[in-house]
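Please find below some short notes on the model. They are meant to be read beside the coordinates.

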Amino acid sequence: MSDSINIVLRFALYMDLMLLFGMAVFGLYSLRGKERISGAVLNFESLLFGTAVVGVLLSLAAMLLLAKAMSGVSGFMELHHHIFQMVLMGTDVGLTWMVRIIALVLACVAATVNKRFPTPSLWVVTVLSAVALATLAWTGHGAMDDGTRRYMHFTSDIFHLLAAGGWLGALAAFTLLLRLKSLKGDQEARILARVLAGFESAGAVIVVIISITGVVNYLFIVGPNLDEVMLSTYGELLFLKVLLFAGMIVLATLNRFHLSPVLERSVRNGEYSVAVNALRRSMTLELSMAVIIICLVAWLGTLSPEMEMSAA
């Protein structure tokens with residue numbers, strides 16, 4: 001039961017922090033000027049504030065679970081001194097957890113001033129959420145390494161997390177923009193068509209970073225070994241993750257080179273409902289794949305491929 005709770009918490013935390021970073025940075029590279037004001041295109045204030053608050057709550061729950069596991073106490077009521085002494089001040093995970101909480105609290109504050117200072121607010125939230133998301137690397141396989149290898153693995157993990165967060169946040173933003181009530185007229189449709197076309201460069205960079213860091217992380221965790229690991233639960237989950245990632249690339253390519261140009265032409269003609277419906281279905285499927293991948297990531301982080309291969 002504790003393993004299941006741990007996986008669920010990891011999944012929720014990954015989802016939340018990736019969305020926080022991804023939506024904030026989306027507002028910077030996709031929207032312009034007054035479009036970044038909360039409510040003009042996206043409700044940044046409520047979206048970012050709510051996501052940051054949820055991140056704080058999930059982080060508190062994850063720390064309580066970790067402290068309970070490390071201390072060996074039977075109930076959560078006995079954890080008051082264990083959390084501070086054993087976990088927060090005695091481990092790297094505890095220190096990075098405190099950094100995450102501070103970053104998320106400050107992100108909450110920054111989100112509340114979006115209507116007055118839209119661009120600075122998004123910049124601050126982007127930087128702080130990147131810090132919060134990066135702290136998740138200390139709960140992954142990189143924490144098992146030593147010396148220079150440890151920090152090289154952390155660096156690769158962090159870039160992998162940030163790129164994945166950028167993609168997930170963009171998918172969430174596009175899904176919100178594609179809602180029926182968001183497309184009130186031609187102006188909203190033109191903005192949607194523009195940001196979809198403009199995602200080409202960012203999307204290409206994201207795919208390259210995820211691919212490179214994914215291979216690097218695999219080599220750090222397993223090494224140049226393929227046959228044995230594929231017989232383990234870790235290998236099977238990893239294969240499914242790669243398969244879904246490839247599916248997302250196919251859908252993203254379809255969106256970029258077919259559905260997005262169709263939307264642009266449809267907007268110019270004044271009739272874009274068919275193109276929007278096609279994009280909505282494609283984005284929903286791509287976002288669903290992303291959610292499953294993050295669920296697999298949360299599960300993979302609790303497994304030890306070396307132990308599984310040695311036991312085989």
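This is a predicted model: local features need pLDDT of at least 70, side-chain atom pairs count only at pLDDT 80 or more; totals for chains, interfaces and linings use all residues.

1. Residues are numbered from 1 along each chain as its sequence is written, and side-chain values use heavy atoms, without hydrogens and water.

2. Helix α8 (residues 233-269) and helix α9 (residues 273-300) have axes that come within 9 Å and cross at roughly 160°. Axes are lines fitted to C-alpha atoms, for helices over the stretch in contact, and angles run from 0 to 180 degrees between N-to-C directions. α8 and α9 are therefore roughly antiparallel to each other (angles over 145 degrees). By class, their contact has 26 nonpolar, four polar and two charged residues; Ala, Val, Leu, Ile, Met, Phe, Trp, Tyr, Cys and Pro count as nonpolar, Asp, Glu, Lys and Arg as charged, and the others, Gly among them, as polar.

3. Among the buried residues of α4 are W97, R100, L104 and C108. Buried means under 20% relative accessible area, exposed over 50%, and partly exposed in between (1.4 Å probe, protein chains only).

4. The structure holds zero disulfides, a disulfide being a pair of cysteine sulfur atoms within 2.5 Å. C108 counts as buried at 10% relative accessibility, whereas C295 counts as partly exposed at 35%.

5. E45 lies in helix α2 (residues 44-71); helices are DSSP runs (H or I, at least four residues), numbered from the N terminus. The C-alpha atoms of E45 and N114 are separated by 6.0 Å, with the two residues 69 apart along the chain.

Definitions and conventions:
Helices (H or I, at least four residues) and strands (E, at least two) are DSSP runs, numbered from the N terminus. Angles under 35 degrees count as roughly parallel, over 145 as roughly antiparallel, 65 to 115 as roughly perpendicular and the rest as oblique.
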